[in-house]
Amino acid sequence: MNEAISERQTEYRKLPAVDALLREPAVALLMGDYGDELVTECVRDLLAASRQQIAAGASAPDVECWPALIHAQLAAQSTPSLRPVINATGIIVHTNLGRALLSAAALKAVQAVGAGYSSLEYDLAAGARGSRHDHARRLLCALTGAEDAIVVNNNAAAVYLALGALCQGREVLISRSQLVEIGGGFRIPDVLRQSGARLVEVGTTNRTHLRDFTLAVTAESAAIMRVHSSNFKQIGFVTMPSLAELTAAAHKHDLLLIDDLGSGALLDTTRYGLAPEPMVQQSVAAGADLITFSGDKLLGGPQAGIIIGRAELVERLRRHPMARALRVDKLTLAAFEATLHSYRRGRAVQELPVWQMIAAPVAALQARASGWQARLADQGVAAQLQAGESAVGGGALPGETLPTMLLAIEHAAPDRIAAALRSQPTPVVCRIQQDRLLFDPRTVPPEQEETLLTALLAVLQ
Ligand SMILES: *Cc1c(COP(=O)(O)O)cnc(C)c1O
């Protein structure tokens, strides 16, 4: 007993003093990188942890190990919480992994505008105050055929602003089939109530007719709202009037037609073997008064909410006090404008990562997956190729998939391997199916291939 206590005393005595450690040249050097305060705090924490470990029966670290321990701890603490990951899941617009990737042009615009002053609210021609709302406006109108446009924080904000500014205290008619929850707790009935509008449910879960809307119109009605059922599909005995029919009915009764489109597709998804996702241009052509959609789903840009439509209505939104609270910053606008330019030049599929991924032919994916397989085989790691499916994700095109070629790695403890991959310097997120880890080249940009292979070898070799 006494012997154990005296052994522990010896270990405690091996612990250096805080000051002595801070005077060590290697530790003093760290102060240049991390600052005195952080290093001192780290030294204290490590010594306290060591004392606890000794109390629990461990021995003290060797004295020459301390600088390395301190460095490792500081490096771990300064790893950002928000950091890049490799998405090998094959889900293109992955909500948890940041949705759309920005194009090279969008990133360049962010860099240029972020690093210096900009014409954010300055009219260069007039040499006077300008409006941040002017930047993406002309491009949005040219691309969609709308009269006017405003960009806000996200589509949830777009819906909230449109309803709050135009329908507060009045009724908004929505089909019972469209009272949807988008994910992350965004529920159309809740947003509607929050905006101060009054929800009037019409029709049934599966069938809503035009007369359900027209019979529900009262002197209190302000709008008919259509909400795209982005993330689920109804099949069977189902009906819903077309947008053109709804618009005609709304206008006949002096109501607005507000169309919440969700994903904001500007390109035709059927060209890539997918079901048709409603396109923004179609809603404009059908006569909707206001249309809302996200910037970072199928549009392939930064997080944003876009509201386009009749000039007089958009102007009212722009003037609304909430517009200030929901507005976007210069970095978003820079990325967004650059993204729209890709569409304008007819280069969206070539330049925007989301569309590059959607358009990637299975033969090209197979070639990449088999390249990975060969590289791993060279290092003694066995993997197979397996036909599979990628998904668009982001709450768009539910149940729709794109054929792909997966790299499959069999392992007795796939969850353990997946966890190890997530703890790599650049974490890798993949799919697990039974005893296989699956890696889909569709969502791995070619620039990340080397990093992915390095991570796989580090974990599997
Ligand atoms: C995704 C979606 C939203 C929410 O958009 P955010 O950009 O995530 O705020 C709203 N409505 C529909 C129909 C959607 O699909």
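How exposed is R310, judged by its relative accessibility? At 30%, R310 counts as partly exposed. Keep that residue in mind as we look around this structure, which is a predicted model.

## A charged pair across the chain

R310 has a partner: its side chain meets that of D289 in a salt bridge, with 2.6 Å from N to O. The pair links distant parts of the chain, as the two residues are 21 residues apart. R310 sits in the loop between β13 (305-309) and α13 (311-319), while D289 belongs to the loop between α12 (280-285) and β12 (290-294). Is D289 buried or exposed? Its relative accessible area is 1%, and buried means under 20%, so D289 is buried.

## Other salt bridges

Side chains of opposite charge can pair when their charged atoms come close. In this model the count comes to 26 salt bridges. Here are three of them, with the accessibility of each partner.

| Salt bridge | Closest N and O atoms | Relative accessible area, one partner | Relative accessible area, other partner |
|---|---|---|---|
| E121 and R129 | 3.5 Å | E121: 25%, partly exposed | R129: 67%, exposed |
| R347 and E351 | 3.5 Å | R347: 36%, partly exposed | E351: 22%, partly exposed |

Some salt bridges share partners. Which residues do they join into one network? The members are D134, R137, D148, E315, R318 and R319.

Now let us turn to the strands. Strands of a sheet pair through backbone hydrogen bonds, either parallel or antiparallel. Here, five strands form an open sheet with mixed pairing, and their order is β2-β14-β15-β18-β17. From one strand to the next, the twist averages 40°.

You can follow one of these pairings in detail. β17 pairs with strand β18 (residues 436-439) in the antiparallel sense, over three bridges. Within this pair, I432 stands opposite L437 in β18.

A helix joins the picture too. Helix α18 (residues 362-378) packs on the sheet, where it touches β14 (384-393), β15 (401-410) and β18. The direction of α18 makes about 10° with that of β15.

Notes. Residues are numbered from 1 along each chain as its sequence is written. This is a predicted model: local features need pLDDT of at least 70, side-chain atom pairs count only at pLDDT 80 or more; totals for chains, interfaces and linings use all residues. Side-chain values use heavy atoms; hydrogens and water are left out. Two strands pair if DSSP finds at least two bridges between them. Helices (H or I, at least four residues) and strands (E, at least two) are DSSP runs, numbered from the N terminus. Axes are lines fitted to C-alpha atoms, for helices over the stretch in contact, and angles run from 0 to 180 degrees between N-to-C directions. Contact means heavy atoms within 4.5 Å. A salt bridge is a side-chain nitrogen of Lys or Arg within 4 Å of a carboxyl oxygen of Asp or Glu. Buried means under 20% relative accessible area, exposed over 50%, partly exposed in between (1.4 Å probe, protein chains only).
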